[in-house]
Amino acid sequence: MPQQQVGDARMVVDPGLTVNQRELVIKIQSSSKMLAVGFVLGIPLTFGGLHYGITEQPSGFVAALAGLALLAVGVAGFLKSAALRRQLRQITPDAWRSPAAHLPGARKAATLAAYINGLLVVLSLGAAGWLLVQGAGWGAYGNSFGFGALLLGAAIPAALGAAAASTIPQLLRVIPAGAKVGRALYSVIMAVGALMLVNGVKNGELMALAVGGTVTAICLGAMTLLGRAAKRMRGETP
């Protein structure tokens with residue numbers, strides 16, 4: 001496989017993967033680009049265009065149609081990615097019920113991981129709702145560009161929440177992959193919290209320091225617990 005350099009616009013593939021796993025991961029990365037482009041451009045164009053068409057001029061509906069076409073591209077990317085992920089799960093040990101699932105320690109670890117990912121669902125949906133409410137104060141509902149951007153912003157935490165919710169049935173069946181996915185999702189939120197923390201330190205903003213530090217600490221704790229839970233579910237620790 002060719003070496004991937006910084007700027008290749010893709011994540012580095014885990015060197016521990018088998019050849020078949022590596023091929024599927026690279027295909028998933030490609031389909032994820034379709035998903036990202038389709039939704040990031042399609043959501044604001046669709047809803048911003050509808051807003052403009054209703055409040056300003058009918059030409060906004062043309063933009064909404066273009067946005068719907070992009071959303072269709074995003075949906076196609078999502079479906080393709082989901083199919084490839086199902087194939088990957090068939091050859092990934094963590095995607096199967098743990099051989100230690102009969103042990104009380106593994107079951108307790110799986111239950112704890114399910115609660116931690118459930119907390120992520122609540123936090124993500126709460127963040128989406130908060131953005132939608134705050135949008136009124138920001139004036140986002142009064143102009144088409146702001147309305148489209150607001151819905152895009154709210155869709156991101158909502159998608160994280162949906163992804164976290166999908167892991168809970170896996171964890172209740174003592175499947176370690178649910179904990180790994182939860183860690184990845186928490187890492188996304190932790191990056192946002194760390195950015196807020198850095199900006200708070202740079203600008204001397206106490207609110208940003210408090211919120212960024214709290215979010216970062218919660219995510220670090222959750223990722224640590226999920227990592228331990230995954231090991232216990234695999235039977236790697238007593």
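What we have is a predicted model, in which local features need pLDDT of at least 70 and side-chain atom pairs count only at pLDDT 80 or more, while totals for chains, interfaces and linings use all residues. Residues are numbered from 1 along each chain as its sequence is written, and side-chain values use heavy atoms, with hydrogens and water left out.

Let me begin with helix 1 (residues 19-55) and helix 2 (residues 60-90), which pack at an angle of about 155 degrees with their axes 6 Å apart; helices here are DSSP runs of H or I with at least four residues, numbered from the N terminus, and axes are lines fitted to C-alpha atoms over the stretch in contact, with angles running from 0 to 180 degrees between N-to-C directions. The two are therefore roughly antiparallel, a term kept for angles over 145 degrees. Their crossing is left-handed, that is, the near helix is turned anticlockwise from the far one by less than a right angle. The contact of helix 1 with helix 2 has 24 nonpolar, 14 polar and 3 charged residues, where Ala, Val, Leu, Ile, Met, Phe, Trp, Tyr, Cys and Pro count as nonpolar, Asp, Glu, Lys and Arg as charged, and the others, Gly among them, as polar.

Turning to helix 3, its axis lies 8 Å from that of helix 4, at an angle of about 165 degrees, and this crossing is left-handed. The contact of helix 3 with helix 4 divides into 22 nonpolar, 7 polar and no charged residues.

Helix 3 (residues 104-138) also packs with helix 6 (residues 206-234), at about 150 degrees and with the axes 8 Å apart, so these helices are roughly antiparallel too.

Finally, the second largest pocket holds about 660 Å³ of space, a pocket being an open set of points on a 1 Å grid where a 1.4 Å probe fits, with protein on both sides within 12 Å along at least five of seven lines; the volume is the space filled by probe spheres set on the points, joined across faces, edges and corners. Of its 21 lining residues, which have an atom within 4 Å of a point, the closest to the centre are Leu123, Ala127, Ile189, Val192 and Val215. The lining divides into 16 nonpolar, 5 polar and no charged residues.

Methods. Parallel < 35°, antiparallel > 145°, perpendicular 65-115°, else oblique.
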